[in-house]
Amino acid sequence: MTDMLDTTTKGDLFSKFDPLIQMRANLLASGVEDPFSLVMERVLSPTVAVCNGRETILLGTYNYMGMTFDPDVIEAGKQALDDFGSGTTGSRVLNGTYAGHKAVEQALCDFYDMRHAMVFSTGYQANLGIISTIAGKGDYIVLDIDSHASIWDGCKMGDAEVVPFKHNDIEAMEKRLRRIPADAGKLVVLEGVYSMLGDIAPLREMIAVAKKYGAMVLVDEAHSMGFIGPNGRGVAEDQGCLDDVDFVIGTFSKSVGTVGGFCVSNHPKFEIMRLVCRPYVFTASLPPSVVATAATSVRKLMHAADKRAHLWENSRTLHKGLKDAGFSLGTDSPQSAIISVIMPDLERGAGMWEALLHEGLYVNLARPPATPANMTLLRCSLCAEHSAEQVQQIIGMFTRAGKTVGII
Amino acid sequence: MTRDETSARIAALIEPFNKKGVAITDATRFTDDLEFDSLTVMDFVAAIEDEFDIIISMNAQAEIENYGQLVDAVVKLTA
């Protein structure tokens, strides 16, 4: 690491990364295991894996509904591998649309009760593609300052004017909408669940304001699909305002348990997106096995009310357990399947992360600049397959590790 | 509103964000001299937007590095 720093010379394009290289070097010099180089050697179930030689409870995978080892899902994937091969080797608009791609888009239309669904190769590309394509020169994008990187990158890739507002601040959003020229095109971009703190957005109020100013609304429901709302359609469904959302963005890499992204919409002209959206056109489509597992999983999630209830129970139990143990949490009440534990600083956050790993628990370490207000967070994402006993075990591990590191 | 009047109003707004009491001239840079991080920038921009009832989009912010450029941008947006 030090050698790399010493080679810094004029004209080295990597010089700009020196502060980050130094920050990592300092962190690792303190002796902690590298939080960003963990290897899952074996995965035993949606909730348990062998990491760095240790059997570990997984509490940082976004595998909310535990579909990754569902027997029907796995069987569908194997069948598609046999029937359609390992990959499509082509774009959706050329040779890359198989029966499975149409089937998973139909499954999404049925899941959301919407007319159009468009599947991308990743969730990142779904935001990148839709946002950069629909908001063009002279249009305005009004978005929450804590938006996901894929939303910011979608803004940066397009030609629209980008206007951020303070996180979840309805008044700040309205002020900005009011100042935009009345005849300009407007897109308001919101998320159902914000993944850093696990808090939800007041979508009903915010969407009403957006509509008052004639804006179209895009909501990223990546962290709520399958779990929040009576049918698992997300926070907008839960708050009774899904009909007013023009575009829902989602992912297959969380509750659905595979990889891929999508946009669903009732816009009458939506299908034209398939020809004009570059991150959709200029990339290979998902492998047949992936869309087959996704379609099976999405259809099973339509009937997963019992799992949703158990996941809520897990979220409530963990939130209360950690709060009672004296930890500072991202939300006063459990609002999603993410419970975020606020660390005093990066050093003790990394120490706590490592102590938990030694206890046999994996969580996500989130650090600046990815976090709001430069916080260091230990993000816990619960799974419907975590048993009540595992949740109690997790609380015990946190309590012991917190005392060892001196946080509680 | 003249450029001086605009500058005076912005100078008043910058006070609470100028933690080190740096003397402000047109050449004062927000990142390098005032050490504004992204959160401070957001709050400071919001204060100016509210004061002048304007929008300074991210695209416009990308062109503004120092105090003089900010005053010029606000003068233009309020013209």
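Chain A of this predicted model contains 15 helices and 16 strands. Helices (H or I, at least four residues) and strands (E, at least two) are DSSP runs, numbered from the N terminus. The radius of gyration of chain A, taken over C-alpha atoms, is 22 Å. The globule rule (2.2 Å times the number of residues to the power 0.38) gives 22 Å for 408 residues, so chain A is as compact as a globular protein of that length. Its C-alpha atoms fill a box of roughly 60 × 50 × 45 Å along the principal axes.

Of the 408 residues of chain A, 51% are buried. A residue counts as buried if 20 or more other C-beta atoms, placed from the backbone, lie within 10 Å of its own. Contacts require C-beta atoms, placed from the backbone, within 7 Å. Among contacts in chain A between residues at least 6 apart in sequence, 71% join residues at least 24 apart.

Chain A holds an open sheet of 7 strands with mixed pairing. The strand order is β4-β12-β11-β10-β7-β5-β6. Two strands pair if DSSP finds at least two bridges between them. Strands β4 (116-120) and β6 (161-165) of chain A stand at the edges. Each has a single partner strand, so one side of each is left without a neighbour in the sheet. The twist averages 20° from one strand to the next. Angles run from 0 to 180 degrees between N-to-C directions, with axes fitted to C-alpha atoms, for helices over the stretch in contact.

Within chain A, β5 (residues 140-144) and β7 (residues 186-191) run parallel and are joined by 4 bridges. A:Tyr140 has A:Lys186 in β7(A) as its bridge partner. Helix α4 (residues 99-112) of chain A packs on the sheet. It touches β4, β11 (247-251) and β12 (261-265) of chain A, and its direction makes about 130° with that of β4(A). Helix α7 (residues 170-179) of chain A lies across β5, β6 and β7 of chain A, at about 155° to β6(A).

At the interface, 12 residues of chain A are in contact with 10 residues of chain B. On the chain A side, β6 and α7 are the elements that give two or more residues. This side comprises 7 nonpolar, no polar and 5 charged residues. Here Ala, Val, Leu, Ile, Met, Phe, Trp, Tyr, Cys and Pro count as nonpolar, Asp, Glu, Lys and Arg as charged, and the others, Gly among them, as polar.

Residues are numbered from 1 along each chain as its sequence is written, and chains are lettered from A and ligands numbered from 1 in the order written. Local features need pLDDT of at least 70 and side-chain atom pairs pLDDT 80 or more, whereas totals for chains, interfaces and linings use all residues.

How values were computed: Buried ≥ 20, exposed ≤ 12 C-beta atoms within 10 Å, placed from the backbone. Contact = placed C-beta atoms within 7 Å.
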